[in-house]
Amino acid sequence: MQGFIDQTIAFIGTHAGWAGPIILVFAFGESFVVLSLLLPATAVLVAAGTLIQSGTLSPWNVIPWAIAGAVLGDAVSYWIGAWLEHRVERIWPFTRHPQMLRTGRNFFARWGGISVFIGRFLGPVRAVIPLVAGMMGMRQIPFQIANIASAIAWAPIWVGLGWFAGETLSRIFGIEEAAPLLIILLVVMTLAGVMAAFRLLARKSKTPHEDRPDRP
C-alpha cells in the first residue's frame, strides 16, 4: 500500500493538472460504502499538503476536489441505504460481517444526525454511517447539511496537517522532500488516535441490546 501511495503522490506531483480528479476519486472512494477501508485518501491528502507547502501544487488543485469527492461518496452511500433499507443486510460484505452494520446502527442511535459529521473522521464507522443513516430514515436535508459540513472540515484539516508538517520539517530539519516520511509518520500517529477515539465513542454508543440479533 505504501508503494501505491508513493506512486500516486509522485504522479500528481509531476502532473498537477491530474491532481484534482485523482484526489476526487480517492475522496469518493474513502467516503463510499466499504471502499473507505481500502482507499487511503487521508494519506494522499496529507502528502498533497506537503506538495502545497513546497509550491508544487496549489490548494485549488486539492481541497475543492477532495470536498466534492467526500460529499458525493457519502451522498451515494446514503441513497443506497434509503433505497435498499434492510435489504442491505443480505448484501456482501454485510452477510459475512453483520457487526459492521450493528456497530453503525448503535453509533447512529447514540449520536443521531451528528454521527454523520463525527463518522467522517472515524475510519471504522466511516464506511457504514451514511448507509445506516439512509437505512434508518434520516431526512435528506439534515443528512446533506452534516455531509457537506463534515467534508468542508475534513479536507482542509488533512491538507493542513501535511502543509504544517512539511513546513516544520523544512524549517527545523531542512527536509525538502518530506512527503514519504510524513505519510508514514502522520498516518501511523493519526490512525492510532482515530482508533483510540473510535473505541471510546463505540463504548459510549453500546446499548444493552447490542448483542441480540438484528430484527428484520
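Two residues are said to be in contact when they have heavy atoms within 4.5 Å of each other. Helices (H or I, at least four residues) and strands (E, at least two) are DSSP runs, numbered from the N terminus. The model described here is predicted, so local features need pLDDT of at least 70 and side-chain atom pairs count only at pLDDT 80 or more, while totals for chains, interfaces and linings use all residues. Residues are numbered from 1 along each chain as its sequence is written, and side-chain values use heavy atoms, with hydrogens and water left out.

With those rules in hand, on to the fold. The protein chain has 10 helices and zero strands. Of the contacts with a separation of 6 or more, 75% join residues 24 or more positions apart. Buried residues (under 20% relative accessible area, against over 50% for exposed and in between for partly exposed, with a 1.4 Å probe and protein chains only) make up 46% of the 216 in the chain.

How do helix 2 and helix 3 meet? On the helix 2 side, I23, F26, A27 and E30 take part, and they touch A41, T42, V44, L45 and A48 of helix 3. These residues split into seven nonpolar, one polar and one charged, where Ala, Val, Leu, Ile, Met, Phe, Trp, Tyr, Cys and Pro count as nonpolar, Asp, Glu, Lys and Arg as charged, and the others, Gly among them, as polar. The two axes come within 8 Å and cross at roughly 145°; axes are lines fitted to C-alpha atoms, for helices over the stretch in contact, with angles from 0 to 180 degrees between N-to-C directions.

Next comes the nonpolar core, meaning a set of buried Ala, Val, Leu, Ile, Met, Phe, Trp, Tyr and Cys residues joined through side-chain atoms within 4.5 Å. The largest one holds 28 residues, and I9, I12, I23, L45, L57, V62 and W154 touch the most other members. Helix 3 gives the most to this core, nine residues.

Finally, the aromatic rings. Rings of Phe, Tyr and Trp (its six-membered ring) pair if their centres lie within 6.5 Å; planes under 30 degrees apart are stacked, over 60 edge-to-face and the rest tilted. That gives four aromatic pairs. Y78 and F143 are stacked because their ring centres are 4.2 Å apart and their planes lie at 15°. This pair bridges helix 4 and helix 9, 65 residues apart. Y78 is buried at 5% relative accessibility, and F143 is buried at 0%.
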